[in-house]
Amino acid sequence: SLFFDAAWFDQQLAHRGLNRADLAAAGGLDRQELHRLFTNQRTPTPAELGAFSRLLGMEIVEISLRGGVAE
């Protein structure tokens with residue numbers, strides 16, 4: 001099953017000197033909405049995935065897969 005890989009996102013953020021607050025800001029999310037993503041209570045939107053991709057400097061395909069979204 002697909003799920004939001006919170007540990008992977010945390011690792012990628014830490015590697016870049018960023019944190020979850022930075023990810024939330026990039027995606028236009030408040031703390032509660034980001035928590036819902038990280039705990040698999042909702043799926044990220046395409047716009048959020050694009051923002052995460054730009055923030056982390058990674059391909060959208062990788063971000064989508066790690067974000068729990070199938071191609």
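Biologist: How many helices and strands make up the secondary structure of the protein?

Modeller: This is a predicted model, in which local features need pLDDT of at least 70, side-chain atom pairs count only at pLDDT 80 or more, and totals for chains, interfaces and linings use all residues. Residues are numbered from 1 along each chain as its sequence is written, and side-chain values use heavy atoms, without hydrogens and water. Helices (H or I, at least four residues) and strands (E, at least two) are DSSP runs, numbered from the N terminus. On that basis the protein has 5 helices and 0 strands.

Biologist: Which residues of helix H4 are buried?

Modeller: A residue is called buried under 20% relative accessible area, exposed over 50% and partly exposed in between (1.4 Å probe, protein chains only). The buried residues of H4 pack against helix H1 (6-15), helix H2 (20-27), helix H3 (31-38) and H5. Within H4 (residues 46-56), they are Glu48, Leu49, Gly50, Ala51, Phe52, Ser53 and Leu56.

Biologist: With which residue does glutamate 48 form a salt bridge?

Modeller: A salt bridge is a side-chain nitrogen of Lys or Arg within 4 Å of a carboxyl oxygen of Asp or Glu. The closest N and O atoms of the pair are 2.8 Å apart, and both residues are buried. The partner of glutamate 48 is arginine 42.

Biologist: How many residues apart are arginine 66 and aspartate 5?

Modeller: Arginine 66 and aspartate 5 form a salt bridge, with their closest N and O atoms 2.9 Å apart. Arginine 66 lies in helix H5, whereas aspartate 5 lies in the segment before H1, and the pair links distant parts of the chain. Aspartate 5 is buried because its relative accessible area is 17%, while arginine 66, at 28%, is partly exposed. The two residues are 61 residues apart.

Biologist: Why are arginine 66 and glutamate 62 separated by about one helical turn?

Modeller: These two residues also form a salt bridge, the closest N and O atoms being 3.0 Å apart. An α-helix has 3.6 residues a turn, so residues three or four places apart point the same way. Arginine 66 and glutamate 62 are about one turn apart because their spacing in helix H5 is 4 residues.

Biologist: Is leucine 65 buried or partly exposed?

Modeller: Leucine 65 lies in helix H5 (residues 60-66). Its relative accessibility is 44%, so leucine 65 counts as partly exposed.

Key
Contact = heavy atoms within 4.5 Å.
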